[in-house]
Amino acid sequence: NPVAPAYTVDGQVSPTVTMAPGEVQRWRFVNATMQVAAQVSLNFPPGAEYLYSNSGYMLLSKVVERVGGKPFPAFMRERVFEPLGMRDTRVHMDHREIVPGRAYSYESAEDGGYRNAVLSYANAGATSLFTTVEDLARWLENFHTAALGGVAAREMQLTRGVRTSGD
């Protein structure tokens, strides 16, 4: 079993801890959950404002897992990507896995050259969606055809939210 990394003020996992990919995902979810649970009050009354939250998307992926009865990457593959023909799209959870055709990120090295900048995401829901321009076109086409989800789902996605102030 891996040693759990120290919980830091900024909520980041210590980069010196080595864990199996599933353990990294589990720890990031636990870490995000700890951050959400530590909040003692709302930022504002419900409906009054909007605030983006990676933690919220991570929690939503767990809801999808529970309701769908399978891991989030498998659910997305079977219920979204395959039906839309998005054969090159995936929820990428193992940063060690080689992804054919993937463009990798690099950063400047001390010697003036470059080195690989490993992005070990593994927080399903908030990040880790790998896709291609062709698959994005297939996704966009679904907004026109509503083949997946139907017209009602499409209209819900396109409906502007309204705050309690009317804005």
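I counted 5 helices and 4 strands in the protein chain, taking helices (H or I, at least four residues) and strands (E, at least two) as DSSP runs numbered from the N terminus. The model is predicted, so local features need pLDDT of at least 70 and side-chain atom pairs pLDDT 80 or more, while totals for chains, interfaces and linings use all residues. Residues are numbered from 1 along each chain as its sequence is written, and side-chain values use heavy atoms, without hydrogens and water.

From the N terminus, I read the order of elements as α-α-α-β-β-β-β-α-α.

I looked up burial next: 25% of the 167 residues in the protein chain count as buried, that is, under 20% relative accessible area with a 1.4 Å probe, protein chains only.

For the second largest pocket I noted a volume of about 400 Å³. A pocket here is an open set of points on a 1 Å grid over the protein atoms alone, where a 1.4 Å probe fits, with protein on both sides within 12 Å along at least five of seven lines; lining residues have an atom within 4 Å of a point. The volume is the space filled by probe spheres set on the points, which are joined across faces, edges and corners. Of its 17 lining residues, F72, M76, G125, L129 and W139 are the closest to the centre. Helix 2 (54–68), helix 3 and helix 4 (133–145) each give two or more residues to the lining.

Note on methods
Buried means under 20% relative accessible area, exposed over 50%, partly exposed in between (1.4 Å probe, protein chains only).
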